Amino acid sequence: MQLLNLKTNFLGRNTIYYKKIDSTQNEIWRLIKDNKVSNGTLIFADIQTMGIGTHGRTWYTDEEENIAFSFCIFMDCEIGKIEGITIDIAKIIVRIFKDKYKVELQIKKPNDIVFKGKKIGGILTQSKVICQSVKCLVIGIGINTKKEKFINEIKNIATSIKKEFGIIVDTKEFIAEFCNEFEKEILKRMEN
């Protein structure tokens with residue numbers, strides 16, 4: 001399944017789509033372990049049965065048309081080159097929503113996208129480091145775009161774009177726009 005309006009050299013050029021999967025993040029790591037993934041490969045899914053949040057929490061992607069994707073970038077650089085990457089990813093997400101949808105979201109450090117204090121999205125940043133050198137970066141992003149039903153555990157602390165603003169976000173268009181912006185950011189970091 002191809003992303004729309006992709007302008008990248010490598011990020012998102014190879015995409016794998018699942019209707020349902022345990023976790024896009026787990027799947028990327030499985031493919032890396034088996035050497036079955038190329039630089040910039042992106043996995044996205046309609047439903048995750050065991051989506052991963054930070055600190056071992058669950059990320060709920062149990063309705064279709066929400067955003068859930070993970071991607072990997074292979075590199076060989078010092079750890080300092082990826083410092084602050086999660087916040088930069090959050091800034092890109094917030095900027096896309098503002099520019100494309102006229103939606104003002106906020107960043108709650110270190111890795112949440114919120115609206116009026118309620119969580120709309122999250123970023124999971126993981127890496128493989130050998131001898132102080134980053135060999136692989138794996139990023140997972142989940143955004144409640146259409147979600148309307150929240151379990152009791154999170155119903156008072158989570159919300160969605162549709163619930164708050166009444167708009168529908170095109171998943172593939174959003175992911176492509178993110179890839180276009182993030183690839184520029186990561187290449188800039190690698191150059192410096």
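A disulfide is taken here as a pair of cysteine sulfur atoms within 2.5 Å. By this criterion the structure, a predicted model, holds 0 disulfides. For C77, the nearest cysteine sulfur belongs to C136 and lies 11 Å away, and C77 is accordingly in no disulfide. C77 is buried, its relative accessible area being 8%. C136 is likewise in no disulfide: the sulfur of C72, the nearest to that of C136 among the cysteines, is 5.3 Å away. Because the relative accessibility of C136 is 2%, this residue also counts as buried.

Backbone geometry was examined next. Most residues other than glycine have a negative phi, and most peptide bonds are trans. An exception of the latter kind is the peptide bond between K109 and P110, which is cis, with omega at about 10°. P110 is located in the loop that connects β5 (106-108) with β6 (112-115).

At C131, a residue other than glycine, phi is near 50°. C131 belongs to the loop between β7 (118-130) and β8 (133-143), and its relative accessible area of 75% makes it exposed. Q132, again not a glycine, has phi near 65°. The position of Q132 is likewise in the loop between β7 and β8. With a relative accessible area of 60%, Q132 is exposed.

Definitions and conventions
Residues are numbered from 1 along each chain as its sequence is written. This is a predicted model: local features need pLDDT of at least 70, side-chain atom pairs count only at pLDDT 80 or more; totals for chains, interfaces and linings use all residues. Side-chain values use heavy atoms; hydrogens and water are left out. Buried means under 20% relative accessible area, exposed over 50%, partly exposed in between (1.4 Å probe, protein chains only). Helices (H or I, at least four residues) and strands (E, at least two) are DSSP runs, numbered from the N terminus.
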